[in-house]
Amino acid sequence: MIYSFTQISQYLRCPRGYRHRYLDGWREKDTRAAMVFGRCFEKALAAFFLREDSAAALFKEWEVYRDAQLEYRNGDTWDRLAQQGVQLLEQFARDNRIRVRQPRNDLQIKLVHSLANNNEFLAYIDGVGFLDGTRCLLEWKTTTSRYPEEPNGMLALDPQLICYSWITGIPDVALVVFVRKRVPEIQYLRTTISDEQRREFGQLVEETAGRIGAGQFLPHSGIRFPQNGCVSCPFLGLCLDQPQFIDPKLIRQPGASDLDWLDLLDD
Ligand code: SF4
């Protein structure tokens, strides 16, 4: 088995959801405009570090979806996202706080870690570079709301950053948050992941892979007001056996577990 951060976190959120997604092949339809735009934006960032025209790269990628049936939220439109993307790229260039010395090698880095029982863990790291002169692992996020900075130190609990620190062995990690709002903003957040956090994450991965291998898929439904995880879970229709909730959200791809690594591009 090849595991990814998305798989492990899906299992930890709800093992039944893991079974729906990875064993039965159900997955969310790729229609969320914000997510599709985020992927296009990351390609524009790669163009920026390669000293190419990043705005042109963004339009080239995003143009493909101009007439696609995407789900826009919060008053977003194709044009508005394109405009926000260009503003963010311009701001990023003005800030000039991130350096990637060898963009062809240091962006979208594929890493594989061996696990017990011939399993593997696969990750794609957005980049390794420098934030304000400090070498660190880089993770990009496009979002509509600021990443919370209080209470101080919370970033060090981010499971994805811990995961990437574990697989690279790099303690310093930076989250660069591209906030799409009326006046676009970029947050440059840096923290340090400890040896103990990396060791514990490795244990968590091994333990989770063991439970998946043992076929433990009991639901963690979380039906408890107000933290009701099922309400926002894409697999709700499957668990309730109500097709009206399944069809708008999910498609089924038998054998899709062979393509699990594609999930990494969603993160
Ligand atoms: S609807 Fe609830 S029980 Fe079913 S997969 Fe989602 S979180 Fe788990």
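Modeller: Here is the walk, going from that helix to its partners and then on to the ligand and the aromatic pairs.

Keep in mind that this is a predicted model. Helix α1 covers residues 5-13, and its axis comes within 10 Å of the axis of helix α8, residues 195-213. The two axes cross at roughly 70 degrees. An angle from 65 to 115 degrees counts as roughly perpendicular, so α1 is roughly perpendicular to α8.

Who meets whom at that crossing? On the α1 side you have F5, I8, Y11 and L12, and on the α8 side F201, L204, V205, T208, R211 and I212. By class, the residues of this contact split into eight nonpolar, one polar and one charged.

Now the burial of α1. F5, T6, Q7, I8, Q10 and Y11 are buried there. The buried residues of α1 pack against α8, but also against β1 (2-3), α2, β5 (120-131) and α7 (159-168).

The buried ones are Q160, L161, I162, C163, Y164, S165, W166 and I167. They pack back against α1 and α8, and also against the strands β4 (107-114), β5, β6 and β7 (172-179).

Strand β6 spans residues 134-143 and holds T134. That residue is partly exposed, with a relative accessible area of 25%. Leaving out residues up to four places away in sequence, T134 touches G129, D172 and R190.

Around the ligand sit C14, G17, H20, P219, S221, C230, C233, L236 and C239. Helices α2 (15-23) and α9 (236-240) each supply at least two residues of that shell. The shell has six nonpolar and three polar residues, and no charged ones.

Helix α2 also has a part in the ring pairs. A search of the whole structure finds 20 aromatic pairs. One of them is Y18 with F217: the ring centres are 5.9 Å apart and the planes sit at 5 degrees, so the pair is stacked. Y18 lies in α2 and F217 in the loop between α8 and α9, so this pair ties together parts that are 199 residues apart in sequence.

Another stacked pair is W62 with W78, where the centres are 5.9 Å apart and the planes are at 5 degrees. W62 is in helix α4 (residues 54-63) and W78 in helix α5 (residues 78-95), so this pair ties together parts that are 16 residues apart in sequence. W62 counts as buried at 0% relative accessibility, and W78 counts as buried at 7%. Both tryptophans belong to one aromatic cluster, formed by F37, F41, F48, F49, F59, W62, Y65, W78, F92, W140, F178 and Y188.

To come back to your helix: α1 crosses α8 at roughly 70 degrees, and its buried residues also pack against α2 and α7, among others.

Methods. Residues are numbered from 1 along each chain as its sequence is written. This is a predicted model: local features need pLDDT of at least 70, side-chain atom pairs count only at pLDDT 80 or more; totals for chains, interfaces and linings use all residues. Side-chain values use heavy atoms; hydrogens and water are left out. A residue is near a molecule or strand if one of its heavy atoms lies within 4 Å of it. Helices (H or I, at least four residues) and strands (E, at least two) are DSSP runs, numbered from the N terminus. Ala, Val, Leu, Ile, Met, Phe, Trp, Tyr, Cys and Pro count as nonpolar, Asp, Glu, Lys and Arg as charged, and the others, Gly among them, as polar. Axes are lines fitted to C-alpha atoms, for helices over the stretch in contact, and angles run from 0 to 180 degrees between N-to-C directions. Angles under 35 degrees count as roughly parallel, over 145 as roughly antiparallel, 65 to 115 as roughly perpendicular and the rest as oblique. Contact means heavy atoms within 4.5 Å. Buried means under 20% relative accessible area, exposed over 50%, partly exposed in between (1.4 Å probe, protein chains only). Rings of Phe, Tyr and Trp (its six-membered ring) pair if their centres lie within 6.5 Å; planes under 30 degrees apart count as stacked, over 60 as edge-to-face and the rest as tilted.
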